[in-house]
Amino acid sequence: MPNWVSIMKKIAIAILILLVAWTAYTVKQEKEEEKPVKIKPEKGITLKLYNHQTGKIETVELEEYLVGVVAGEMPPNYPLEALKAQAIAARTYTLKRILSPQNTRGYHPGADLCTDPTHSQAYLSGEELRKRWGVKYYYYLSRVKWAVNSTKGKVLVYNGELIDPVYHASCGGQKTEAAKDVWGYDVPYLKSVTCLENDYPVETKTFKISYIDKVLGTDLQVLAVSTGAKPVKISERTGTGRVKKIKLGSRIFLAEEIRYRLGLKSTIMTVSTRGDKIIFTTRGYGHGVGLCQRGAAALADKGKNYREILSHYYPGTKIILYK
């Protein structure tokens, strides 16, 4: 029997060699289009990464780190142009954190970033990727490395400053959300834009009222007994139809806080009650601001390149080379 692992490895290595050669060519062509900006004087950039699995801070080279981020944040079988867009967004995010340490070092003193996606970006080591991808490891790795290497040094800026390139898995098949409606402050390049995503996750979660009272500190049980009033009500929606505020008992919460504390996937939601239970049905995955990863894949499938994808989700920004 043929050794398929060995064959796949050889094919992946051959692909990688071709991709590296093509990268050198395309980078040379694009240097004339992009004006470099000096971000850090050192030849290479390293970062301090807190690894939640080991509990230790590791020193990792930037581009090597980005391979683990792109692999952890986006499915490796997505179109290459979508993977490139993700690589540039991740590189911009990383450099912004390194250059503005006060934004992240409160979580893990001495580290620039960590491997927990709720704090920074998802990151998978080579060992974790081998377990996840199995026999497709070399093939998927070559795709991710191509996305990172072919965009090496490229970052997103707005008015000459690195942007905060937030992203999410799925906008739920509707417009992305404006930062102002999620976090309360306006960001000129994080506006609501249309999205082509049409394959989105739907999830239903059911919670006992007693559990919600415990987690959120609400008074749903008392209110139901004393007044018979409905325990939950959507009190405000954003312009895209997402829930902005929700009333639970006598308290009003931001929907984003409810999403986080109850482990819901999205604020595109419907809420109902049945007996002593509250039922949340959500569509999409994530906060809905910035680049939609599934939407980026849909745009790439339509023939859009990474530049067009990024300019769509981050309007008014430019791609430049750092040095």
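How many cavities of 30 Å³ or more does the count come to? The structure is a predicted model, in which local features need pLDDT of at least 70 and side-chain atom pairs count only at pLDDT 80 or more, while totals for chains, interfaces and linings use all residues. Residues are numbered from 1 along each chain as its sequence is written, and side-chain values use heavy atoms, with hydrogens and water left out.

The count comes to two. A cavity here is a set of points, on a 1 Å grid over the protein atoms alone, where a 1.4 Å probe fits but cannot get out. Lining residues have an atom within 4 Å of a point, and for the largest cavity they include Glu-177, Asp-181, Arg-242, Lys-244 and Glu-256. Helix H6 (179–183), strand S10 (243–248) and helix H9 (255–262) each give two or more residues to this lining; helices are DSSP runs of H or I with at least four residues, and strands are runs of E with at least two.

Now for a pair of helices. The axes (lines fitted to C-alpha atoms over the stretch in contact) of H10 (residues 293–301) and H11 (residues 306–313) come within 10 Å and cross at roughly 135 degrees. That makes H10 oblique to H11, since angles under 35 degrees count as roughly parallel, over 145 as roughly antiparallel, 65 to 115 as roughly perpendicular and the rest as oblique. Where they touch (heavy atoms within 4.5 Å), Gly-295, Ala-296, Leu-299 and Ala-300 in H10 meet Ile-309, His-312 and Tyr-313 in H11.

Note on methods: Axes fitted to C-alpha atoms, helices over the stretch in contact; angles between N-to-C directions. 1 Å grid on protein atoms, 1.4 Å probe; cavity = no way out; pocket = protein on both sides within 12 Å on 5 of 7 lines; lining within 4 Å. Points joined across faces, edges and corners; volume = space filled by probe spheres on them.
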